[in-house]
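Have the model open and follow along.

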Amino acid sequence: MSALLWRRSLKGDRDFGAAIVEGTLPADLRGTLYRNGPGLFESFGKRYAHPFEADGAVTALRLGDDGARAASKIHRTAGLVEERARGKSLYGLGVPWLRRITNGLRGKDKNTANTNVMWWNGRLFALMEAGKPTEIDPRTLETIGETDLDGVVQSWFSAHPHRSARRRTTYNFGLEVGRTMRLHLYALPDDGAARHLGALALDGGPMLHDFIATDDHLIFFVSPVRVSVPRALFAIGGFEKFFSWKPELGTEVIVVPIDDPMKPVRFHTDAFWQWHFTNAYLRKDGELAVEYVRYPDFASFGDLAKDDLGGREHHALAAARYHRATINLQRKTFKTDELYGADSSEFPRVHPELEGAPHRYAWITLGDLEGIGRLDAKTGALVEHRVGKHQRVSEPIFVPRAGGSDETDGHVLSLCYDDVRDESFVAVYDGRRLAEGPVARVWLGYAVPITFHGTWVPAA
């Protein structure tokens, strides 16, 4: 069943229409949930080699005094529009080899905008690994187009921005790929223009999926995945052939002071891979605490493209374990401890007002997207709710209740899929009573493919 989420395309665009509420929506939950992920898994009858190649789509659920309304739309990116106008695939691994060479020489590729969605200064952007932001109309979900944020974005703009709530600023990075590899750093204040903070040289051609921000630092774990630039540039071989796992290189830890970004602390530790970070903060003893989801290697990348991994214990996220790393900048030491290992976990989130600062609770998915968990990072205790065998969840997003009493006082939203009904729904949980299950399910009326990440925008 879960394979459908990773393989089956969205069946056409959906304008905003009434969604059916089962249960009772909280009276104070007013705003829009935006989710982003792959929307088209094939091009002109030929399936993409990996879900990360898929053309992106945005889904929105709007909750207001007039009820719930949902919409989903494929991003009309410049590359997709060009392909449809020409009536054939022009980008990716499915096109003829000569076309791939030509694309590489011209530096042309398709921005699929298929991974995350970012709200900044009243604007909505769809993001991917290797491209600039794609602006989306937040009212209609129509694609406005790719942007460099008034000349600030000099290369790519990662799909994983992170905030410092205290600084009221969102930070991000972007790789510059070529003869030299550079890590560009960006700051997007809540009120003000985007800024380029500088760029750092990187060794080799790493794949860098995510990072994390504290109130004073930007932290990167550069795992020993190396990209073959010639293969990637000219699309030679399969998607998985672009990457190689080289554990002998170790993982480089890079800690960048936000106020002095050209003076980073850099050192190496043992090899590991991580897709996603939870949060990071400065401890009272002066060390940095970083919570993240750790994998022993890069095997999950290839597993995501496989239709059948042989059962629940072999699903693509099976090796993921929730960790906390402790970094001593003076000694350049890295220590990591498993906080939860009874099951795999992924897509972690925290209370938005605690991003970059100490937190206690993390909201996570469990197993093969089989449930939602509230992990107590202090004790390791887990409160969970598992959905039915015919259902799957997605990244939980915590929406604080106004005047909430603690970190758990709010709502948890997850876009889910039901195989029996072949329909998606948004599960709305009370954060304080997660184990009791959703207080409401909002049925969209259609099925949505996997969405990796999303954001909640409160009503104005």
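Is asparagine 328 buried or exposed? Bear in mind that you're looking at a predicted model. Asparagine 328 has a relative accessible area of 9%, and the cut-off for buried is under 20%, so this residue counts as buried. You'll find asparagine 328 in strand S24, which covers residues 321–328.

What does the side chain of asparagine 328 have around it? One of its polar atoms sits 3.1 Å from the backbone nitrogen of glutamine 330. Once you set aside the neighbours within four places in sequence, asparagine 328 is in contact with Glu287 and Thr333.

On one side of the story is strand S12, residues 162–164, which runs antiparallel to S13 and is joined to it by 3 bridges. To get your bearings there, look for serine 164, which stands opposite threonine 169 of S13. The two strands make a hairpin with 4 residues between them, and in that turn arginine 168 takes a positive phi of about 55°.

A handy landmark is phenylalanine 173, which stands opposite leucine 185 in S14. The link from S13 to S14 is a hairpin too, passing through 4 residues.

How values were computed
Residues are numbered from 1 along each chain as its sequence is written. This is a predicted model: local features need pLDDT of at least 70, side-chain atom pairs count only at pLDDT 80 or more; totals for chains, interfaces and linings use all residues. Side-chain values use heavy atoms; hydrogens and water are left out. Two strands pair if DSSP finds at least two bridges between them. Buried means under 20% relative accessible area, exposed over 50%, partly exposed in between (1.4 Å probe, protein chains only). A polar contact is a pair of N or O atoms within 3.5 Å; within protein, one must be able to donate a hydrogen and the other to accept it, and residues adjacent in sequence count only if both atoms are side-chain atoms. Contact means heavy atoms within 4.5 Å.
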